[in-house]
Every structure is written in C-alpha cells, then in structure tokens.
Amino acid sequence: MGYRIDEIDRLILYHLTADARNTSAPKIAEEVDVTPATIRNRIRQLEDNGIIRGYHASIDYEATDGKMTTEFTCTAPVSERSRLANEALTTHGVVNVRELLAGQENLVVTAVGDDSTDINRIAHELSSLGLVIEREDILLNEVTRPYQSFAPGEDNPQSAIRDFQSVAGGAEVVELTVSEDAEITGYTLADATTDGVLPEEVLVVSIERGDDNITPNGSTRIEAGDIVSIFSPEALPEQLLQAFDERASSGE
C-alpha cells in the first residue's frame, strides 16, 4: 500500500505549491496545531515516498537577456516514449519534458533558446532523436496556483487525523482529534467496540484530555476535544476513520 496522505499532508502540499521558498515548518504548524518537528518529519516522508519530487524556481527566461521559451508538442512511439523523454531532456536548452498518456502528441518539450536560430537547432536535435514535432509554440506566460482541494477552509473540512506514522510490519499509529459531532463521542471504549464503532483489531493506547494523559480501559468514555492515540496492526481501517470524522457515518 502506498503512503496515505491526510489533512496535514494536504496543507503542507498546498503551502509548498503556493510558495515553497517562504513557507516554513513553524508557519504550517501553527495552522494545524502540531509541532514544527512534526511538519518537518511529514515533509521528509512526502519526499521519501516520491509525492514531493523536487523544488524548482519559476524563471522568466525572457527577462534574462531576451531568451525565447518554446514548447514543442511531439509524438513518440508509445513503447519508446519514456526513453525518448529522458533523451530529449539531455538536449542543450531543454528544461522540461512532460509525458502524456496518448498515442499521438504524447510528449511536450519545453526549451529555452537564445534566438530563433537556437530554437531551430533544438528542434533539429529533437527530430534526430526520433521525435515527430507536431506543433511549435512560443510560450508567452505561465501562471500556477495550488490545488484548491488541499486548501484550508469551510469547503474542505479538516480530517480528524492529527498525526500518524507507519511502524514495522505494516502497522500504523495514529493520533485522532475527537470532534463534538464525531460518532464515537460519548461512547465508552467497551461499548464502541461492542457496537462496531471501533474495530476490534485496533488498540487505544492513550488519551490526551487537556493537561491530563489518560491510560484508557474499557470504561473510559471518549469526550469531545480528546486526542486519542491508536495502534492498528495493519493499515488504518476505514471504519476507524469514520468513527472520528464528523458525522461521516450518518450522512450529515
């Protein structure tokens, strides 16, 4: 199973996409009420799992001695597409190659040249690799924005997950915040298990309630505002997440 992103990860991705250079771990931590160390650890996990693949400067090449930025829309044989994409990237002046899931026009190559002669040289080298150039466009401007579904706000309600980490053997440990409207709120742990709200295979390890740390037992009642640490021997069951999400199981 791949890395499971939660609301904290989504917020990290949103802020890094908006402005990676000026986004700090403490700034994100304040917004989600976790420690900066947790944010830094999450960023490392996102990098290690290939979700964050790099940090790149957005450059206006025209402002650097009037260089030209051109996009070549190309066709490569499907079986050769990835190899040709990597070879195209070695061409002097090529700064980006995108593979598209298509039979035709399946590679988009972005290149920077000194002038039209230099752009023609790049086009010739791409053709020599075996790419068929279908279209050649001068790039006038490019704007980006973060993915809106990762943004904080009322339209994207926050998950109950506060933190989680994978441990040996595929097990996971998760911290969940209990909202007033969560299905599990008001249940004792014993009743939650009996009624099928909590999966039988998970273990509630601790409960943080205000300044108190509670070692739970079957009679411990879950209250709104609790931070509950749970051990799951496998990937977190959907049933567990539904129990802590706001009215996730009632359709409200």
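I began at Phe150, which is buried with a relative accessible area of 19%, where buried means under 20%, exposed over 50% and partly exposed in between, with a 1.4 Å probe and protein chains only. I noted that the model is predicted, that local features need pLDDT of at least 70 and side-chain atom pairs 80 or more, and that totals for chains, interfaces and linings use all residues. Residues are numbered from 1 along each chain as its sequence is written, and side-chain values use heavy atoms, without hydrogens and water.

I then looked up aromatic pairs, in which ring centres of Phe, Tyr and Trp (its six-membered ring) lie within 6.5 Å, with planes under 30 degrees apart called stacked, over 60 edge-to-face and the rest tilted; the count comes to 1. The pair is Tyr147 with Phe150, edge-to-face, at 4.9 Å centre to centre and 85 degrees between the planes.

Next I turned to helix 1 (residues 7-19) and found Asp9 there, a helix being a DSSP run of H or I with at least four residues, a strand a run of E with at least two, both numbered from the N terminus. Asp9 is buried, with a relative accessible area of 0%, and I saw Glu7, Ile8 and Leu11 among the other buried residues of helix 1. I recorded that helix 1 has 13 residues and reaches 19 Å from its first C-alpha to its last, close to the 18 Å expected at 1.5 Å a residue, the expected span being 1.5 Å times one less than the number of residues.
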